[in-house]
Amino acid sequence: MAIIETLFFTVVDRGKANAVLHKAQECGAKGGTILLGEGTVQSKLLRKMGVTELHKEILVISASEELSNKLHDTLCEAFSFSKRNKGIAFTVPFKRWHKQTSGQEANTSNNSSYDDKITHYCIITVVDKGRGKECIKSAKAAGARGGTLIHARGAGIPTDFYFPLVIEPQKDVVMIITTKDKVSAIREKIFSDLDLGKAGHGILFTLPITRTSGLVENKSGECKEGTS
Amino acid sequence: MSLLFEKTKEVLRTLLPVVILVLLLCFTIVDVETDVLIRFLVGSVLLLIGLSVFLFGVDLSMHPIGEYMSQEVATSKTPIKIAILSFLLGFLITVAEPDLLILGHQIQDASGNTLKSTIIVYMVSIGVGVLILLGVFRLLRGKPSYNTFMAVIYGIIFILVFFVSEEFLAISFDASGATTGALTTPFVLAISLGLSNIKGGKNEEENSFGLVGVMSAGPILAVMLMSIISGQKNIHGDAGEYVYAEGVLGPIISKFPGILLESLIALLPITILFFFYNFIKFKIPKEELKGIIIGLLFTLLGLTVFLTAVNSGFMDMGRIIGIEIGKMSPWILIGTGFLMGLIVVLVEPAVHVLGEQIEEVTSGHIPISLIRSTLSIGVGTAIALSMVRIVIPAVKLWYFLIPGFLIAILLSFIADPVFVGIAYDAGGVASGPMTATFVLAFAQGAATIIETANVLVDGFGVIAMVAMSPVLSIMILGTIFRHKRVEYPTIAKKPAVTSHLIDEINLEHYCILVIVNRGFAEKVVDVARQSGAKGATIMRGRGTDENQKVMLPIINIELQPEKEIVWFITTTDVSAPIADSLLNDQQLEQDGEINVFISPTEAMVRTFSTIHASNDNE
């Protein structure tokens with residue numbers, strides 16, 4: 001089978017991403033991009049105290065499938081992702097687009113082998129700033145265990161304020177990892193709860209995940225995000 | 001694990017050196033009563049708790065309030081509303097600052113009652129209001145550039161310097177230290193961040209800082225003008241007899257209610273303004289509002305405990321150390337002053353807040369430890385020079401102050417633009433409650449022992465120095481930063497043969513993920529739009545690549561360059577043209593170091609594909 005390019009995602013506590021990246025570079029990764037995000041809080045006590053977010057870092061590494069498997073093994077061991085709340089990692093098949101390739105040329109890979117590999121899905125929701133928590137809440141109601149929130153901005157829309165500002169609306173991007181069987185329930189719950197059907201209310205899409213580590217499956221089969 | 005624990009750890013790390021230094025001095029060269037020592041230790045514990053809780057509360061309350069208020073300012077449709085609102089913000093936070101009232105009384109005494117303290121408080125507050133107004137207009141218009149703007153303001157200050165006496169020079173700079181208190185600085189930082197977030201664009205990062213710097217020029221101008229207009233030149237009188245507190249817990253408990261009231265008054269105007277706007281405009285969801293209210297309570301409690309600890313536990317200790325060391329050789333005094341400045345500044349609440357904001361804004365690109373060390377060195381030098389001034393009366397304050405600011409202003413034109421804002425902010429940030437109590441008490445202690453020194457004048461000078469030196473030191477760092485080396489080892493670009501693993505699945509949408517250097521996201525969106533993309537989501541991050549190393553000269557620290565990540569959701573028919581056109585753009589390829597990834601976005605788009613298409617314009 002041809003080399004499959006993937007993007008390897010890890011979510012760890014803030015400050016740890018550099019260490020993870022160094023370890024990954026030892027394994028042969030070329031480089032990575034680090035984003036600042038927020039994880040959800042599981043502890044009820046902390047939530048009562050008003051803590052609703054934990055600082056996280058998200059590390060994205062572009063890697064071949066082989067390398068990303070190696071990364072899973074090494075990083076899991078080095079940072080004990082298997083323990084609760086230590087961090088999670090997952091792989092999303094992505095194709096690195098090069099100038100030389102065009103859409104038609106490379107239709108070579110085997111569809112079914114790829115489909116079989118999908119164990120989880122990553123639901124990504126982009127909503128207006130402030131509604132990210134709402135989104136996580138409704139996802140939780142539908143069975144998701146947690147989510148990671150990243151602040152982002154949308155592309156500019158000119159407005160009619162006194163200063164000719166091109167307002168770049170601030171957005172919350174929510175990543176929720178969930179098992180294959182639950183994905184549609186959560187998706188539809190978010191879709192209806194946040195009223196994404198209306199124009200401008202936000203968008204939602206899913207990415208297939210071929211491998212995860214650090215997600216703790218509990219008894220009810222729920223998928224525990226490492227972001228507690 | 002928990003955020004509060006994180007803060008406590010952070011505060012502990014900065015507080016520990018201070019405690020160790022003081023204990024070391026106490027057990028070696030300085031003779032301190034047991035009571036004072038125990039009170040210092042109790043104070044340290046209280047400070048740890050108070051500051052952690054305070055920082056935690058600021059995160060929960062000041063941040064969102066600043067964001068909402070700045071949104072209200074920026075999205076106004078008339079200039080008058082922007083003017084009124086930003087003036088009001090500056091005025092209200094300053095007029096309630098307890099330190100300013102204390103300063104007002106000091107000036108009233110010093111001027112022999114010709115300047116009334118209430119007039120001083122209002123004048124300074126108006127000064128801050130006007131400058132915040134100008135700063136907000138500058139930020140939103142995007143011109144003149146920040147360094148020119150600050151150069152003009154300080155140019156005016158320099159002209160005024162010739163008309164005021166040395167005493168009032170010290171007082172006016174001190175007034176700027178007094179207004180940038182523990183509460184106002186985090187709030188103004190949040191406003192600055194909020195405004196720049198809304199404005200966005202290429203200078204977003206630069207705009208996230210600098211408002212504190214603008215604001216701290218207000219009091220300087222106001223006090224100088226008052227001194228000139230009233231014709232007041234000389235300071236009369238001397239500092240009152242200093243009374244040491246007795247006992248261990250007594251002073252702590254007795255100070256608590258008064259400080260609680262002061263903190264409450266300081267917090268009230270912002271809170272009222274926010275709730276007023278919330279009532280008529282924002283209408284924030286209940287849960288979020290609850291978080292803000294809890295945050296406000298934490299802020300109040302934390303601030304009170306912190307200030308009580310500093311006032312009762314640290315002030316006497318600072319003064320005793322000052323007196324004892326002042327008796328010894330001047331060199332020990334200067335050395336101790338340097339050490340004290342070095343470590344005490346890191347305990348300042350606003351320094352923590354600024355550090356956090358720098359991390360947030362630059363996605364970790366600027367190492368906070370670097371900023372902190374630079375601040376430390378700056379303040380350490382400031383205190384050491386202040387000690388020199390106490391020892392040698394011939395050395396005047398303006399010998400340091402004027403050249404310091406002059407060099408800083410010159411450097412601001414060649415320094416890395418992000419640092420210019422941070423540097424001007426740093427002056428206000430460093431001169432917080434720790435400096436105003438502990439370090440000031442130390443300096444005054446030393447001044448009482450050395451006969452040639454004037455307790456009042458030298459005391460004022462210390463804060464002025466602390467407000468100046470970080471501006472200079474961070475500006476120097478920014479100049480170094482500007483000349484960072486970017487190394488690109490030449491690599492043979494081999495066209496990798498990659499397969500499409502995704503094409504066969506019957507999907508209607510693709511997710512395109514683009515990683516570029518910071519500043520190119522807008523360009524990416526433009527190019528993609530021409531090829532048929534509708535909208536995009538942009539995130540900030542930092543990244544490394546083995547082919548690209550960013551190094552700082554002189555100090556040789558490796559940096560992680562900042563990146564922007566752009567997500568597109570497109571229909572299948574346009575995804576390939578978009579990716580191709582992105583990669584074919586010369587500028588993006590060479591300067592932006594673009595990377596494009598494509599993946600199918602599944603299922604959801606199947607279910608809701610028709611609705612989805614119309615929502616794409618996020």
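## Burial and fold of chain B

Of the 618 residues in chain B, 57% are buried, where buried denotes 20 or more other C-beta atoms within 10 Å of a residue's own, exposed 12 or fewer, and partly exposed the range in between, with C-beta atoms placed from the backbone. This is a predicted model, in which local features need pLDDT of at least 70 and side-chain atom pairs count only at pLDDT 80 or more, whereas totals for chains, interfaces and linings use all residues. Residues are numbered from 1 along each chain as its sequence is written, while chains are lettered from A and ligands numbered from 1 in the order in which they are written.

Chain B contains 25 helices and seven strands; these are DSSP runs numbered from the N terminus, helices being H or I with at least four residues and strands E with at least two. Among contacts in chain B with a separation of 6 or more, 87% join residues 24 or more positions apart; a contact requires C-beta atoms, placed from the backbone, within 7 Å.

## Helix H17 of chain B

Helix H17(B) covers residues 397-412, and its 16 residues should span 22 Å at 1.5 Å a residue, which agrees with the 23 Å between its end C-alpha atoms. The expected span is 1.5 Å times one less than the number of residues.

The buried residues of H17(B) include Leu397(B), Phe400(B), Leu401(B), Gly404(B), Phe405(B) and Ala408(B). Viewed down the axis of H17(B), its buried residues lie within an arc of 165°, so they line one face of the helix; the arc is taken from the directions from the helix axis to the C-beta atoms.

## Strand S10 of chain A

Strand S10(A), residues 170-179, is mostly covered, with eight of its ten residues buried. S10(A) pairs antiparallel with strand S6(A), residues 120-128, over nine bridges; pairing requires at least two DSSP bridges between the strands. Val173(A) in S10(A) is the bridge partner of Val126(A).

S10(A) also runs antiparallel to strand S7(A), residues 148-154, and six bridges join them. Here Asp172(A) in S10(A) is the bridge partner of His151(A).

## Confidence

The predictor gives the complex an ipTM of 0.75 and a pTM of 0.79. Chain B has a mean pLDDT of 82, with 88% of its residues at 70 or more; pLDDT is the predictor's confidence in each residue, from 0 to 100. In chain B, confidence is highest in helix H7(B), residues 146-161, at a mean of 92, and lowest in helix H24(B), residues 604-607, at 38.

Residues 603-618 of chain B have pLDDT below 50, and this stretch has 31 contacts in the model beyond near neighbours in sequence. Where pLDDT is low, the predicted coordinates should not be read in detail.

Key
Contact = placed C-beta atoms within 7 Å.
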